[in-house]
Amino acid sequence: AYLGPASTATSMKAMGVRFFSSSVNSHPWLSLVSSPTSLLPEERILTFLSANTAAGRLADVARDWRHLPEEKHEEGMEVLLQTHLFAGFPRTINALATVRRMGVREGADAWKQQTDSSRWHAEGEKTCETIYGRGYDKLRQHMNQLHPILDNMMIRHGYGAVLSRPILSLRLRELCVIAILAGQQVAPQLNSHIRGALRAGASEEEVKTVIAQTHLVWGADAQEEADATLSSIDHARYGL
């Protein structure tokens, strides 16, 4: 069963909401870029969903949601939630409203019971250090110099309350972050999260696949910039 915002399934059907999912493998973008078998089709759809949310492409958000299996709706909601960290609240809100209108599987909000704010700061520090590795201390110093409150928000809220949540692996979270950042002309942050994805367990082929998908959402210029960022990373050190 699906549930929409403040509506029963019956009332939503009366409003014309379509309660079905297309086959995951029939998503039209899956065949446009080759991918290693380790990056599952539903995981790639989550990367598409992330990028389309960040770009404000709500028709494509709707299409991605139709192709996402019902049992993956919880992961889909989590992907949408984390997008606000990298693309802002307005586009995240609009994407969430889009999928709520379409229908969300009952139980996909079980994450609400998994929030323990007392652990956010410590978990945020651990997650951030995993992503940044030896650059973690330098990052914290830099952020603190920019603004101490921003540093605290980054750790407690960004890396703690959001990115440390258990529903998605850090590997998949970072692959989705790459998809979001690839089209926003933020090469330093894209560079950091490419390396973060590798540190979190993504393979080099998985990273290359997500980068190669950039043009599908962001266009040719963004693809060129994303390719250049990927090429700038120390290949010997990170295996690229």
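This is a predicted model: local features need pLDDT of at least 70, side-chain atom pairs count only at pLDDT 80 or more; totals for chains, interfaces and linings use all residues.

Residues are numbered from 1 along each chain as its sequence is written, and side-chain values use heavy atoms, with hydrogens and water left out.

The protein has 15 helices and 2 strands, where helices (H or I, at least four residues) and strands (E, at least two) are DSSP runs numbered from the N terminus. Of its 240 residues, 49% are buried, a term that stands for under 20% relative accessible area, with exposed meaning over 50% and partly exposed lying in between (1.4 Å probe, protein chains only). Among the contacts with a separation of 6 or more, 71% come from residues 24 or more positions apart, contact being defined as heavy atoms within 4.5 Å.

Rolling a probe the size of a water molecule over the atoms shows where empty space is left. On a 1 Å grid over the protein atoms alone, a cavity is a set of points where a 1.4 Å probe fits but cannot get out, and a pocket is an open set with protein on both sides within 12 Å along at least five of seven lines, with lining residues having an atom within 4 Å of a point. Grid points are joined across faces, edges and corners, and a volume is the space filled by probe spheres set on the points.

The largest pocket holds about 870 Å³ of space, and of the 26 residues that line it, Tyr132, Leu139, Met143, Met154 and Gln189 are the closest to its centre. At least two lining residues each are supplied by helix H5 (84–87), H8, helix H9 (148–162), helix H11 (187–199) and helix H15 (235–238). This lining divides into 14 nonpolar, 7 polar and 5 charged residues, where Ala, Val, Leu, Ile, Met, Phe, Trp, Tyr, Cys and Pro count as nonpolar, Asp, Glu, Lys and Arg as charged, and the others, Gly among them, as polar.

There are also 2 cavities of 30 Å³ or more, and the largest cavity has a volume of about 60 Å³. Its lining includes Thr47, Phe48, Val210 and Trp218, and divides into 7 nonpolar, 3 polar and no charged residues.

Tyr132 also takes part in a helix pair: Glu125, Cys128, Glu129 and Tyr132 in H7 meet Tyr136, Leu139 and Arg140 in H8. The axes of H7 (residues 120–132) and H8 (residues 136–146) come within 8 Å and cross at roughly 115°, with axes taken as lines fitted to C-alpha atoms, for helices over the stretch in contact, and angles running from 0 to 180 degrees between N-to-C directions.

Serine 192, in helix H11, touches Ile131 and Tyr132, not counting residues up to four places away in sequence, and is buried, with a relative accessible area of 11%. Valine 79 lies in helix H4 (residues 73–82) and counts as buried at 0% relative accessibility. Beyond its neighbours within four places in sequence, valine 79 is in contact with Leu46, Leu49, Ser50, Leu168 and Cys176. Glutamine 185, by contrast, is exposed at 65% relative accessibility; this residue sits in the loop between helix H10 (170–181) and H11 and has a positive phi of about 55° although it is not a glycine.
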